[in-house]
Amino acid sequence: MGGTSLVGAVQSLAAQMATFQAMLLAASAVHKAARWTHSRNLMRQFAGVPGVLAAPSLSAATAVELAAAALLMVPAYRTAGAVLAALIWTLYAALIVRAIVQGRRDVDCGCSFGPTSRPLGSFQIARNVVLAALAACIAWVSAWSAAVPTQGTFILGGLALLALYGALDQVMALQPLRSGELI
């Protein structure tokens with residue numbers, strides 16, 4: 001009996017985390033679309049995409065984020081959505097690491113929903129690694145367990161997690177965890 005309730009709790013938690021990730025990815029896509037010119041410039045300056053390919057690359061990034069968000073919300077496709085989300089977060093982390101290694105710590109990565117950018121460092125890397133790991137966990141749970149439909153409580157929980165994510169992002173903009181980051 002205890003094992004069954006634990007499995008149900010893990011499945012529900014994975015569905016709630018999938019809802020959070022779907023909302024975050026959808027918000028990211030909307031943010032890119034709303035600030036199209038700025039986001040296109042980020043594709044060139046941060047991601048290193050040639051100017052002629054910046055707009056098509058931005059369209060593709062926006063579409064992939066929306067696709068992952070949609071897949072995460074549909075229980076039958078949640079595993080695929082989570083795998084796609086993990087790839088997205090991993091790519092973003094790799095781009096941040098590359099910028100830091102190249103000495104471009106002050107380049108705007110477009111990682112924040114706020115109007116300001118901050119120097120790249122371990123927080124931005126850790127954030128994307130945690131999001132990728134969370135997506136991988138969602139994929140793993142979703143692959144071996146019964147599909148848990150998205151419920152209203154999951155949507156409310158996802159919104160709450162999205163609000164906490166935004167609050168953490170703003171706090172980190174005010175005061176880094178420590179000065180003189182190693183990375």
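Among contacts between residues at least 6 apart in sequence, what percentage join residues at least 24 apart? In this protein, that share comes to 75%. Keep in mind that you're looking at a predicted model. The protein has 6 helices and 0 strands, so reading from the N terminus the pattern is simply α-α-α-α-α-α. Of its 183 residues, 38% count as buried.

**How H3 and H4 pack**

- Two packed helices are described by the angle between their axes and the distance between those axes.
- Here, helix H3 covers residues 51–73 and helix H4 covers residues 78–101.
- Their axes come within 7 Å and cross at roughly 145 degrees, and the crossing of H3 past H4 is left-handed.
- On the H3 side, the contact is made by Val64, Glu65, Ala67, Ala68, Leu71, Leu72 and Met73.
- On the H4 side, look for Arg78, Ala80, Gly81, Ala82, Leu84, Ala85, Ile88 and Tyr92.
- Sorted by class, this contact has 12 nonpolar residues, 1 polar residue and 2 charged ones.

**A look along H4**

- H4 has 24 residues and reaches 34 Å from its first C-alpha to its last, close to the 34 Å expected at 1.5 Å a residue.
- Its buried residues are Arg78, Gly81, Ala82, Ala85, Ala86, Ile88, Trp89, Ala93, Leu95, Ile96, Ala99 and Ile100.
- After H4 comes Gly103, which has a positive phi, near 80 degrees.

**The nonpolar cores**

- The largest nonpolar core has 22 residues, and those with the most contacts inside it are Leu24, Leu25, Leu72 and Trp89.
- Five helices each supply at least two residues of this core: H1, H3, H4, H5 (122–144) and H6 (152–174).
- The top contributor is H1, which gives 7 residues.

- Ser28 lies in helix H1, which spans residues 2–34.
- Ser28 counts as buried because its relative accessibility is 13%, and the cut-off is under 20%.
- The contacts of Ser28 are Glu65 and Phe113; Glu65 also takes part in the contact of H3 with H4.
- Leu58 sits in helix H3.
- With a relative accessible area of 1%, Leu58 is buried too.
- Around Leu58, the residues in contact are Lys32, Trp36, Ser39, Arg40 and Met43.
- Leu58 and Arg44 are 14 residues apart in sequence, and their C-alpha atoms are 9.9 Å apart in space.
- Arg127 has its place in helix H5.
- Is Arg127 buried or exposed? Its relative accessible area is 10%, so Arg127 is buried.
- Arg127 is in contact with Cys111, Tyr165 and Asp169.

Technical notes. Residues are numbered from 1 along each chain as its sequence is written. This is a predicted model: local features need pLDDT of at least 70, side-chain atom pairs count only at pLDDT 80 or more; totals for chains, interfaces and linings use all residues. Side-chain values use heavy atoms; hydrogens and water are left out. Axes are lines fitted to C-alpha atoms, for helices over the stretch in contact, and angles run from 0 to 180 degrees between N-to-C directions. Helices (H or I, at least four residues) and strands (E, at least two) are DSSP runs, numbered from the N terminus. A crossing is left-handed if the near helix is turned anticlockwise from the far one by less than a right angle, and right-handed if clockwise. Contact means heavy atoms within 4.5 Å. Ala, Val, Leu, Ile, Met, Phe, Trp, Tyr, Cys and Pro count as nonpolar, Asp, Glu, Lys and Arg as charged, and the others, Gly among them, as polar. Buried means under 20% relative accessible area, exposed over 50%, partly exposed in between (1.4 Å probe, protein chains only). A nonpolar core is a set of buried Ala, Val, Leu, Ile, Met, Phe, Trp, Tyr and Cys residues joined through side-chain atoms within 4.5 Å. The expected span of a helix is 1.5 Å times one less than its number of residues. Lists of a residue's contacts leave out its neighbours within four places in sequence.
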